[in-house]
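Please look over the two chains shown here before reading my points. I take the contacts between the chains first, then the domains inside each one.

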Amino acid sequence: MIEIVHPGILASIQDLGRPGYRRIGVGLSGAMDELALKVANIMVGNPSSAAGIETTLGGFELRFTRDTSFAVTGADADVTLDGGAIPCWWAQDARAGQVLKARSPRLGMRTYVAFAGGIDVPEVMGSRSTDLKGGFGGFAGRALAAGDMLDLHEPADASRLKRGFGLSARKASLIPIVSEEATAVRMLPAAEWEVFPPLAREEFLDAHWKVLPDSNRIGYRLDGAALDTGNVKELLSHGILPGTVQVPPSGKPVVQLNDANTCGGYPKLGVVIAADLRKFAQLRLGGLVRFSLVTAGEAVEALKEQQRVLQQIATQCTLARRFVQ
Amino acid sequence: MDSRSDEPELHFSAMGEAALLCQTATAGLDLSEQERFWALADDIEREPGVREVVPGMNNLLVMFDPLNADPRALAALLTDRWASGKARAVAGKIVEVPVSYGGVDGEDLNWIAERAGLSVEEFVSLHAAGDYTVYALGSQPGFAYLGGLDMRLATPRRETPRPRVEAGSVIIGGAQAGVLSRTTPSGWHIIGRTELEFFNPEEAEPTLLLPGDKLWFVVKEIKA
């Protein structure tokens with residue numbers, strides 16, 4: 001078992017989300033940085049879809065109640081096991097009684113912890129993710145709290161790790177943002193792109209948008225010079241997806257994310273490509289983001305490239321696990 | 001049929017590299033068009049490479065696997081299926097929704113009735129007399145977008161949404177009516193409350209309502 005000692009600002013159980021239920025209003029949920037959770041799972045010998053913990057901005061602490069392999073990925077955070085520093089993107093064994101802490105990240109926002117076997121909470125509608133707005137899934141349908149005790153599944157690969165191993169996160173660009181620079185995000189234009197005044201489109205692409213502090217898993221609200229919405233009107237409600245860049249009457253864009261409503265009616269400039277969505281998981285509040293347009297072909301290439309990187313990491317991890325057992 | 005000039009044409013736009021939004025240029029809400037979108041959704045859902053379909057208000061979002069489906073081919077297929085004119089008229093169930101109108105749980109009732117130039121009793125009886133159809137579920141789990149609101153009751157949304165509106169709140173937003181299935185922020189106006197539960201994730205059929213169902217609001221009481 002795992003005991004949550006401090007959850008930090010927001011910690012929740014997430015897997016790869018709950019697809020397939022949008023037509024009844026149930027959104028995706030799931031890990032915001034999907035690649036980070038997948039890699040953490042692979043590092044401990046899990047299927048990449050196993051449930052782990054997503055933590056936000058550190059302040060997180062847990063205690064192992066039995067010997068368990070674990071992995072930490074995501075933000076470049078200051079992580080310790082019983083006070084001893086652990087690199088980020090790292091896997092090793094913990095003994096019963098040891099305490100894992102994740103402090104506020106130097107770079108990035110969300111840290112993922114996976115455990116051999118994966119967290120054992122009931123599947124609700126095909127997923128173990130917490131739907132925080134809907135109040136179901138994950139642990140009792142809510143964010144983790146101090147004192148919560150989490151069960152783990154028996155791992156399929158029960159081998160112990162004699163030593164830890166890790167990935168050179170910065171070198172491999174596994175943390176998708178760079179400090180001090182505006183994070184570049186690619187998107188495909190959506191239905192109303194052409195309806196916005198040309199100047200507004202230009203300003204949207206030129207601006208370095210600032211992430212407002214009330215941004216969260218539902219969406220990122222961006223601050224900058226308000227865009228002229230011209231003759232663009234509200235629309236009949238239609239299905240929207242994580243990455244949809246809407247412009248409400250305020251003229252300040254909102255990027256819808258994993259916990260967003262499934263339908264909306266604000267005019268939309270575009271939809272962020274799948275390969276770049278994880279950048280929002282690691283983009284800090286107060287951080288800067290800028291947008292560029294790409295074609296569907298380029299978006300698909302970026303997705304293939306991300307899958308190729310993941311495949312390479314999986315191969316490396318399989319080798320590393322053999323080496324450290 | 002020789003001429004199809006009045007036929008609503010399907011327009012496509014990308015929603016990222018893995019989804020297409022299908023819409024028509026028809027103004028306002030149209031139930032017969034919605035019935036065609038329901039049929040199109042059922043039809044296309046079974047196609048290889050299609051991941052998920054999301055019927056909206058006179059529109060349809062089609063999500064696909066971009067590594068195994070070509071959006072142009074998919075658009076051509078959708079155009080073809082739409083042109084068949086197939087509709088799915090749903091003989092949905094009728095759900096009675098008992099409502100306590102007004103009071104603290106319906107705090108906007110007095111002023112939006114006044115805005116509409118109606119007494120509270122007139123406003124409530126018009127609201128309860130409506131024959132509402134569930135067009136689509138969306139926004140939040142089990143939330144039904146309803147068509148059929150008497151236009152005299154339509155009220156533009158709030159400038160600023162309330163941060164927290166209770167589940168069961170009976171609400172009006174523009175020309176749309178609904179009942180909140182989950183406590184949530186909302187910019188719609190609150191006119192009453194029902195005890196009915198609209199979403200239970202533990203059930204095999206998690207939502208009380210499905211597209212095509214009819215909703216009848218029943219006046220339980222009107223509070224001052």
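**Notes on the interfaces**

1. A:Arg23 and B:Asp42 form a salt bridge, with their closest N and O atoms 3.6 Å apart. A salt bridge here is a side-chain nitrogen of Lys or Arg within 4 Å of a carboxyl oxygen of Asp or Glu. Between chain B and chain A the count is two salt bridges.

2. A word on the basis. This is a predicted model, in which local features need pLDDT of at least 70 and side-chain atom pairs count only at pLDDT 80 or more, while totals for chains, interfaces and linings use all residues. Residues are numbered from 1 along each chain as its sequence is written, chains are lettered from A and ligands numbered from 1 in the order in which they are written, and side-chain values use heavy atoms, leaving out hydrogens and water.

3. How many residues of each chain are in contact? Chain B brings 39 residues and chain A brings 39 residues. Contact means heavy atoms within 4.5 Å. About 3100 Å² is buried between the two chains, and carbon and sulfur atoms give 62% of that area. Buried area is the accessible area (1.4 Å probe) that two parts lose on being put together, summed over both. On the chain B side, B:Met15, B:Glu17 and B:Leu67 supply 21% of the area buried against chain A, more than any other three residues.

4. The rule finds 11 residue pairs in polar contact across the interface of chain B and chain A, both residues at pLDDT 80 or more. A polar contact is a pair of N or O atoms within 3.5 Å; within protein, one must be able to donate a hydrogen and the other to accept it, and residues adjacent in sequence count only if both atoms are side-chain atoms.

5. Which element of chain B gives the most to the side that touches chain A? β3(B) does, with four residues. Helices (H or I, at least four residues) and strands (E, at least two) are DSSP runs, numbered from the N terminus. By class, this side of chain B has 20 nonpolar, 13 polar and six charged residues. Ala, Val, Leu, Ile, Met, Phe, Trp, Tyr, Cys and Pro count as nonpolar, Asp, Glu, Lys and Arg as charged, and the others, Gly among them, as polar.

6. Now look inside chain A. The contact takes 29 residues from domain 1 of chain A and 20 residues from domain 2 of chain A. The area buried between them is about 1800 Å², with 48% from carbon and sulfur atoms.

7. The two domains of chain A share two salt bridges. A:Asp33 forms a salt bridge with A:Arg278, the closest N and O atoms being 2.7 Å apart. On the domain 1 side, the largest share, five residues, comes from β10(A).

8. Chain B has domain 1 (11-83) and domain 2 (94-223). Between them about 670 Å² is buried, 73% of it from carbon and sulfur atoms. B:Leu31, B:Trp38 and B:Met57 lose the most area on the domain 1 side, together 68% of what that side buries. The count between the two domains of chain B is zero salt bridges.

Definitions and conventions
Domain bounds come from an automatic or database domain assignment.
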